[in-house]
Amino acid sequence: MISEKLTEAINQQINAEMWSAYLYLSMSQDLYKKGFKGIAHWYKVQFLEEQAHAEIFINYLHSQDARVILAPIAEVQTEWDSVLAIFEDTWAHEKRVTAMINNLCDIAEDEHDRAAQNMLAWFIDEQIEEEENDRELIFQAKMAEGDNAAMMVLDCELGKREYHTPSPLK
Ligand code: MG
């Protein structure tokens, strides 16, 4: 049986994942307006992924017969100075998400909640992947900085990203 404390923390995480989705949708709009339609597409896929993360937590609370409470989603930034600034903000944000997942793990561990620890293990791996991707994007944007042709190649490459349903939802 899941504790009240962990239920509340997971409900907060659902809100954080939805906020992440909203942030990436906002970044996608700014990128589209700046003319980077490929990178805007990459962020649109990221928006879908974040909603899937929220859904995984929602399904988990259902499986534990716990109540899902959907809190309001806070406002997000709407404009950035550059593509690099968007990538850097993305990494900074994902580092905060990693800390939140680690905190959920700490609660589950304190409570000897093996089921929750098992579910959270997938998110630990997911955050490693997210942060690795973000560092790669920052590296690529720094390499291409001031070179319009290189930025167009990056835009084209990131525009090829496909959405894959995260494995816990399959
Ligand atoms: Mg996420």
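A salt bridge is taken here as a side-chain nitrogen of Lys or Arg within 4 Å of a carboxyl oxygen of Asp or Glu. The structure is a predicted model, in which local features need pLDDT of at least 70, side-chain atom pairs count only at pLDDT 80 or more, and totals for chains, interfaces and linings use all residues. Residues are numbered from 1 along each chain as its sequence is written, and side-chain values use heavy atoms, with hydrogens and water left out.

By this rule there are three salt bridges. In one of them, the side chains of Glu49 and Arg161 come together with an N to O distance of 3.3 Å. Glu49 belongs to helix H2, whereas Arg161 is in the segment after helix H5 (148-158), so the bridge ties together parts that are 112 residues apart in sequence. Helices (H or I, at least four residues) and strands (E, at least two) are DSSP runs, numbered from the N terminus. Glu49 has a relative accessible area of 14% and is buried; Arg161, with 18%, is buried too. Buried means under 20% relative accessible area, exposed over 50%, and partly exposed in between (1.4 Å probe, protein chains only).

A further salt bridge joins Asp30 to Lys34, with the closest N and O atoms 2.7 Å apart. These two residues are separated by about one helical turn, because they are four residues apart in helix H1. An α-helix has 3.6 residues a turn, so residues three or four places apart point the same way. Asp30 counts as buried at 6% relative accessibility, while Lys34 counts as partly exposed at 32%. Lys160 and Glu157 also form a salt bridge, their closest N and O atoms being 3.0 Å apart. Here Lys160 is exposed, with a relative accessible area of 53%, and Glu157 is partly exposed at 45%.

A magnesium ion has protein donors in Glu17 (OE), Glu50 (OE) and His53 (ND1), which lie 2.1 to 2.2 Å from it. Donors are N, O and S atoms within 2.8 Å of the metal (3.2 Å for Na, K and Ca); water is not among the atoms, so sites may look incomplete. Along the chain, the donors of the magnesium ion follow the spacing E-x32-E-x2-H. Distant parts of the chain are linked by Glu17 in helix H1 (residues 4-34) and His53 in helix H2 (residues 37-63), 36 residues apart. Both Glu17 and His53 are buried.

The end C-alpha atoms of H1 are 45 Å apart, which agrees with the 45 Å that its 31 residues should span at 1.5 Å a residue. The expected span is 1.5 Å times one less than the number of residues in the helix. Just after H1, Gly35 takes a positive phi of about 100 degrees. Ser26 lies in helix H1 and is buried at 10% relative accessibility. Leaving aside neighbours within four places in sequence, Ser26 is in contact (heavy atoms within 4.5 Å) with Val76, Gln77, Thr78 and Trp80.

A nonpolar core is a set of buried Ala, Val, Leu, Ile, Met, Phe, Trp, Tyr and Cys residues joined through side-chain atoms within 4.5 Å. The largest has 22 residues, and those with the most contacts inside it are Leu31, Ile39, Tyr43 and Phe87. Two or more residues of this core come from each of H1, H2, helix H3 (83-110), helix H4 (114-144) and H5. Apart from this core lies another, of 21 residues, among them Tyr60, Ile101, Ile107 and Phe123.
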